Amino acid sequence: MAAMLLMSLPLLAGKPWTKGGFETKKYRNLFVEMGYSQKEVDAKLKEVFNDVFRGPNKVYFEVGDSMGYVSDIKNHDARTEGMSYGLMIAVQMNEKDIFDRLWRWSKKYMQHQSGSREGYFAWSCRTDGTRNSDGAASDGELYFITSLLFASNRWGDDTGINYKAEAQRILNCTMPKEYEPEQRPGGFGGFGGGFGGGQQQGGKQRMYLIDPETKLITFTPDGFGQRYTDPSYHIPAFYEVWARWADDGRADYWRECAAKSREFLHKAINEETGLNPDMCQFDGSLMQGFGNRPNPSNNFRYDSWRVPMNITLDYEWCCADKEWQQKYGETIQNFLYKQGVHDFLDQYRVDGSLPEGNEILQAGGFRKLRHSIGFIATAAAASMMCSHDKSKEFVDELWNAKHEPFEDGYFDAYYDGLLRLFAFMHLSGNYRVIFPK
């Protein structure tokens with residue numbers, strides 16, 4: 001009997017769980033299930049964390065005695081994306097000093113303390129704190145709020161920063177509000193001036209993080225960017241955190257936002273390939289093109305990499321949409337498996353064909369398709385949802401991948417490094433719902 005039980009364990013371990021961390025407070029260590037030792041996993045997670053925060057290619061830098069920032073090295077700036085990711089990683093890893101430093105820098109240099117954008121964060125700053133653009137990118141606020149609530153749960157609010165009050169302030173400021181167009185600061189810079197404009201045709205305008213009609217997160221909270229969304233901004237599990245611990249009187253609203261976000265993902269993702277566009281309409285349809293040219297935002301590319309990991313997170317924490325999520329995980333892995341586990345590329349059209357020419361989004365001065373470690377990481381994280389044998393090959397591909405420069409010199413310590421770290425946290429069971437003490 002004992003022998004029969006031992007023979008069945010690998011099969012049982014390979015089945016995705018049917019209850020999430022909100023309910024069980026338990027998390028799978030898929031690395032261990034797939035044959036890596038706990039000692040190896042602990043050492044690897046520490047190594048990957050140090051690569052981002054302490055090693056020679058780190059993207060985290062301390063400023064004086066009390067502040068620090070995460071920099072997109074190749075673009076020479078600090079972004080709300082990286083700052084808020086750093087906060088989430090720090091609270092998950094119980095790195096309070098790093099968290100507090102990042103929050104102080106974000107509040108001092110990025111967050112608007114008054115005016116029409118009060119509470120929102122300038123999406124890009126130079127590393128000296130000077131703003132490159134006043135406009136917000138909605139995913140930054142999403143991570144800031146959730147990270148602050150987890151910090152409140154983990155460390156309390158009486159150690160120098162009232163984390164919950166800071167989260168509540170952002171939430172209150174992101175509710176729909178009116179402002180005069182002439183008071184509107186610059187939009188989401190770097191995109192041809194269209195973001196933060198577009199709707200400013202006289203009279204008072206409205207600003208909101210969540211579209212009031214669809215209950216879906218906007219690409220930017222004002223201007224043209226509030227007319228559509230980015231699938232990689234959809235993390236339903238974060239709204240579940242807000243519903244439980246924000247104490248802002250909107251619990252039912254946040255749960256509705258979570259449900260709407262899950263429904264949206266069903267529409268935005270190609271059923272055959274599992275790929276999603278970089279940006280799309282609120283109904284999941286593709287963006288309009290420019291004249292006779294296709295809109296390259298309709299392709300799966302850098303932002304899109306985050307979607308497998310975000311769906312994995314919702315699955316791990318909530319399991320509220322588990323049947324569809326399990327099917328999705330295997331669909332995207334099946335598509336990538338056909339391309340080759342060691343070879344799949346980092347940009348595709350959503351039908352699985354390859355983009356060409358200017359459709360390919362450049363990064364760091366290079367316009368090239370690659371087998372990027374950031375996408376290797378999120379594809380591996382999706383193994384948490386899968387029961388097919390292929391999932392182990394994706395996990396092994398991540399474990400063995402080296403984060404180092406390509407032959408042509410391209411190296412992304414920032415985005416690739418952060419997504420790699422998030423994936424190792426997922427697969428080792430260290431990306432968790434943080435409950436109050």
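**Close-up views of a predicted model**

View 1. Helix α14 itself spans residues 390–400, and its buried residues are S391, F394, V395, D396, E397, L398 and W399; buried means under 20% relative accessible area with a 1.4 Å probe, counting protein chains only. Helices here are DSSP runs (H or I, at least four residues) and strands likewise (E, at least two), numbered from the N terminus. The model is predicted, with local features requiring pLDDT of at least 70 and side-chain atom pairs pLDDT 80 or more, whereas totals for chains, interfaces and linings use all residues. Residues are numbered from 1 along each chain as its sequence is written, and side-chain values use heavy atoms, with hydrogens and water left out.

**View 2. The ring pair of F238 and W317.** Rings of Phe, Tyr and Trp (its six-membered ring) pair if their centres lie within 6.5 Å, and planes under 30 degrees apart count as stacked, over 60 as edge-to-face and the rest as tilted; by this rule the count comes to 45 aromatic pairs. One of them joins F238 to W317 in a tilted arrangement, with 6.2 Å from centre to centre and 35° between the planes. Because F238 belongs to helix α9 (residues 236–245) and W317 to helix α11 (residues 306–317), the pair ties together parts that are 79 residues apart in sequence. Both F238 and W317 are buried.

**View 3. The ring pair of W242 and W254.** The ring centres of W242 and W254 are 4.8 Å apart and their planes stand at 90°, so the pair is edge-to-face. Since W242 lies in helix α9 and W254 in helix α10 (residues 251–268), this pair ties together parts that are 12 residues apart in sequence. W242 and W254 are buried.

**View 4. An aromatic cluster.** One aromatic cluster is formed by F22, Y85, Y143, F150, F238, W245, W317, F422, Y431 and F435.

View 5. The secondary structure of the chain comes to 15 helices and 7 strands, and 58% of its 437 residues count as buried. Among contacts between residues at least 6 apart in sequence, 69% join residues at least 24 apart.

Key: Buried < 20%, exposed > 50% of the residue type's maximum accessible area, 1.4 Å probe, protein only. Contact = heavy atoms within 4.5 Å.
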